[in-house]
Amino acid sequence: MTASIIDGKAFAANLKEEIARKVRILKELHGLIPGLAVVLVGEDPASQVYVRNKNKSTIAAGMNSFEYLMKDDVSEADLITKVKELNDDPAVHGILVQLPLPKHINEAAVIETIAPEKDVDGFHVINSGLLATGGDGMVPCTPLGCIMMLKDQLGSLSGLDAVVVGRSNIVGKPMAQLLLNESCTVTIAHSRTRNLAEVVGRSDIVVAAVGVPELVKGDWIKEGATVIDVGINRIEKDDGKTKLVGDVEFDSAVLRAGAITPVPGGVGPMTIAVLLKNTVTAACRQAGIDEPT
Ligand code: NAD
């Protein structure tokens, strides 16, 4: 068996088109233009690229993009003041503080300052709580993108055995919660899991979010399973050049899985598209209007 490749790029492009259509409707019918504010502290080149891409995609979808660049020695108090200003700004419906923040700033304190209804990253404890209790909060972008691709691929996920490898607050835990909400039987594996191969081997769905290149071996995968690889790892090749690989050993996994996301071009492109989707949802909720279908 050779797996079908889940094309995250195409999926994200379709989602972005759908968002742009909804934004046009919101403008025409309600005069509402969703606005996303991104705050970047410091000059980390990878974060700068992410922020630039978010800005470009936001504008391309017809939304307002607000960008705030702060020096890496900004105080926690000044950053929190900026977040509070954005909380009070009616043109801003979504606020994203690019992580990681410099060591002298308490990330949790900054995230908890974001108004939960504007927390389009879904990292605020109120939103984690709503996800865990089945409420209508903001859901973290990467796991939400993964569940959308899984449902598109498989239809109902009810009753399937799923493993999430990794238990971070931003990917692993919300991913597991979303799978549970879809009535999967969910295992969360992590660095202390005793027999990862065996846990992976009995799973119909494997989501790998670890950050260890090709940790999940292809021959662990159950025949026909659906594999979502969240990992993005840059490794050096024999010729000294570098390339991106996921947390799953793709070349061997593709021979056993039913469907698999590649790296790059799988989960990665979905994250920004879902961020835009969350911003539209947030704008509609704040304006008290139904999201266009
Ligand atoms: P993290 O470092 O916060 O968490 C990693 C998790 O993996 C931890 O819970 C740890 O217990 C687990 N782990 C570590 N070693 C393990 C092992 N040997 N066996 C089993 N579990 C192990 O990472 P994160 O922020 O969740 O990100 C994970 C990966 O996903 C990274 O490669 C990151 O770059 C990528 N990522 C991609 C996107 C995207 O848009 N595609 C978004 C977020 C993160």
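A: In this predicted model, the sulfur of Cys 146 lies 11 Å from the closest cysteine sulfur, that of Cys 141, which is too far for a bond.

Q: How do you know that the sulfur of Cys 141 is too far from its closest cysteine sulfur for a bond?
A: The closest cysteine sulfur to that of Cys 141 belongs to Cys 146 and is 11 Å away, whereas a disulfide requires the two sulfur atoms to be within 2.5 Å. In keeping with this, the structure holds 0 disulfides.

Q: Why is Cys 146 called buried?
A: The term applies under 20% relative accessible area, and because Cys 146 has a value of 0%, it is buried.

Q: What makes Cys 141 buried rather than exposed?
A: Its relative accessible area is 4%, and since buried means under 20% while exposed means over 50%, Cys 141 is counted as buried. Across the chain, buried residues make up 47% of the 293 residues.

Q: How do you know whether the radius of gyration of the chain agrees or disagrees with that of a compact globule?
A: For 293 residues a compact globule would have a radius of gyration near 19 Å, and the chain has 19 Å, so the two agree. The C-alpha atoms fill a box of roughly 50 × 45 × 35 Å along the principal axes.

Q: What share of the contacts with a separation of 6 or more comes from residues 24 or more positions apart?
A: Such residues account for 68% of those contacts, in a chain that has 10 helices and 11 strands.

Notes. Residues are numbered from 1 along each chain as its sequence is written. This is a predicted model: local features need pLDDT of at least 70, side-chain atom pairs count only at pLDDT 80 or more; totals for chains, interfaces and linings use all residues. Side-chain values use heavy atoms; hydrogens and water are left out. Helices (H or I, at least four residues) and strands (E, at least two) are DSSP runs, numbered from the N terminus. The radius of gyration is taken over C-alpha atoms; the globule rule is 2.2 Å times the number of residues to the power 0.38. Buried means under 20% relative accessible area, exposed over 50%, partly exposed in between (1.4 Å probe, protein chains only). Contact means heavy atoms within 4.5 Å.
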